Amino acid sequence: MAHDHSGHHHHHDHGHDHAHAHDHGHGGGHGHGHGHHHHAPADFGRAFAIGVALNTAFVLAEASAGIWAGSLSLLADAGHNLSDVLSLILAWGAAVLARRQPTARRTYGLRKATILASLANAVLLLVAVGAIGSEAVHRFAEPAAVAPWPVIVTAAIGVVINTATALLFMRGGHDDLNIRGAFLHMAGDAAVSLAVVIGAAVMAVTGLMWLDPALSLAIVAVILLGTWGLLRDSFNLALDAVPEGIDPTAVREWICALPGVTEVHDLHIWAMSTTETALTAHVTRPANAEPDAFLHDACEGLARRFGICHSTLQVECGDSAACRLAPLEAV
């Protein structure tokens with residue numbers, strides 16, 4: 001384990017120059033963070049490939065069937081599925097980009113692309129929704145005949161394909177916003193396709209053609225609901241807000257409780273990517289304390305306790321009023 005190794009190594013190095021000891025300790029904790037989080041998207045390469053291939057083929061089939069049967073709800077479902085194929089491709093691309101090495105100019109590599117991808121994905125869905133919604137409103141004014149059986153068969157295949165794809169992403173949803181997005185989309189798609197099956201069956205029995213545009217509007221509402229959460233989360237991450245799973249107050253209190261710490265200011269916690277969190281803070285503690293062991297333990301603790309694997313702490317001695325960033329309102 002990286003933790004034990006770096007901790008262990010650090011104690012050996014005590015006699016050597018401190019810079020090396022701290023550097024190594026921090027590197028160990030940091031490396032562990034990468035290892036821990038990066039395998040999530042890597043493992044999903046196959047899931048993404050299968051998901052994209054299956055769903056692209058299905059979208060083409062479903063759109064053709066929708067045009068042939070004259071069914072707007074089937075087209076709306078195809079639009080919904082298409083938005084998901086695009087979101088899968090975006091999430092997949094983002095997962096690949098997150099593993100690209102940093103350059104001299106881009107010191108974080110391309111990690112932030114994962115956040116931009118979820119933002120783009122949300123905006124894209126809103127555009128698709130607008131197109132389908134306006135067509136549905138037209139249909140209410142002049143209802144069109146719909147052939148129910150092709151709709152039932154096609155949408156039923158959709159239920160199967162979407163459920164299968166959702167299961168591929170089931171495991172990854174806890175760690176990564178993009179993987180969670182992919183899973184929720186696929187699960188939502190299965191439900192929507194099921195609704196199309198039921199709607200078409202009712203239409204076949206009753207002959208009520210307005211059910212088709214009504215159902216397509218319901219699908220639009222489903223897409224909107226799902227997209228709103230994604231838009232909000234991605235927007236917050238793009239603004240460098242504290243990620244959802246982390247309580248900033250708890251982090252501040254934890255740092256304040258570290259040995260010798262009298263005060264914490266200029267504390268920032270933000271997402272480097274959809275999976276990795278960074279932190280910077282100024283910490284005031286007495287001048288005579290051993291700094292390297294403190295830094296090492298603090299960074300290890302933040303990684304273990306809060307999953308923040310990229311911490312930078314500035315230790316200040318004595319009078320915090322001397323620090324330009326000490327007032328709370330200073331960014």
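Axes are lines fitted to C-alpha atoms, for helices over the stretch in contact, and angles run from 0 to 180 degrees between N-to-C directions. Helices (H or I, at least four residues) and strands (E, at least two) are DSSP runs, numbered from the N terminus. This is a predicted model, in which local features need pLDDT of at least 70 and side-chain atom pairs count only at pLDDT 80 or more, while totals for chains, interfaces and linings use all residues. Residues are numbered from 1 along each chain as its sequence is written, and side-chain values use heavy atoms, with hydrogens and water left out.

**View A. Helix 5 packs against helix 8.** Helix 5 (residues 113-141) and helix 8 have axes 8 Å apart and pack at an angle of about 160°, which makes helix 5 roughly antiparallel to helix 8 (angles over 145 degrees count as roughly antiparallel, under 35 as roughly parallel, 65 to 115 as roughly perpendicular and the rest as oblique). The crossing of helix 5 past helix 8 is left-handed, that is, the near helix is turned anticlockwise from the far one by less than a right angle. Among the residues of this contact (heavy atoms within 4.5 Å), 21 are nonpolar, 6 polar and 2 charged, where Ala, Val, Leu, Ile, Met, Phe, Trp, Tyr, Cys and Pro count as nonpolar, Asp, Glu, Lys and Arg as charged, and the others, Gly among them, as polar.

**View B. Helix 8 and the residue that follows its end.** The 28 residues of helix 8 (residues 211-238) should span 40 Å at 1.5 Å a residue, and the end C-alpha atoms are 40 Å apart, which agrees; the expected span is 1.5 Å times one less than the number of residues. Just after helix 8, aspartate 240 adopts a positive phi of about 60°.

**View C. Helix 3 crosses helix 6.** The axes of helix 3 (residues 45-69) and helix 6 (residues 148-169) come within 10 Å and cross at roughly 165°, and the two helices are therefore roughly antiparallel to each other. Helix 3 passes helix 6 in a left-handed crossing. The contact includes Phe48, Leu54 and Trp68 of helix 3, together with Val151, Ile157 and Phe169 of helix 6.

View D. Strand 2 (residues 277-284) pairs with strand 3 in the parallel sense over 8 bridges, and threonine 284 has glutamate 316 of strand 3 as its bridge partner.

Notes
Two strands pair if DSSP finds at least two bridges between them.
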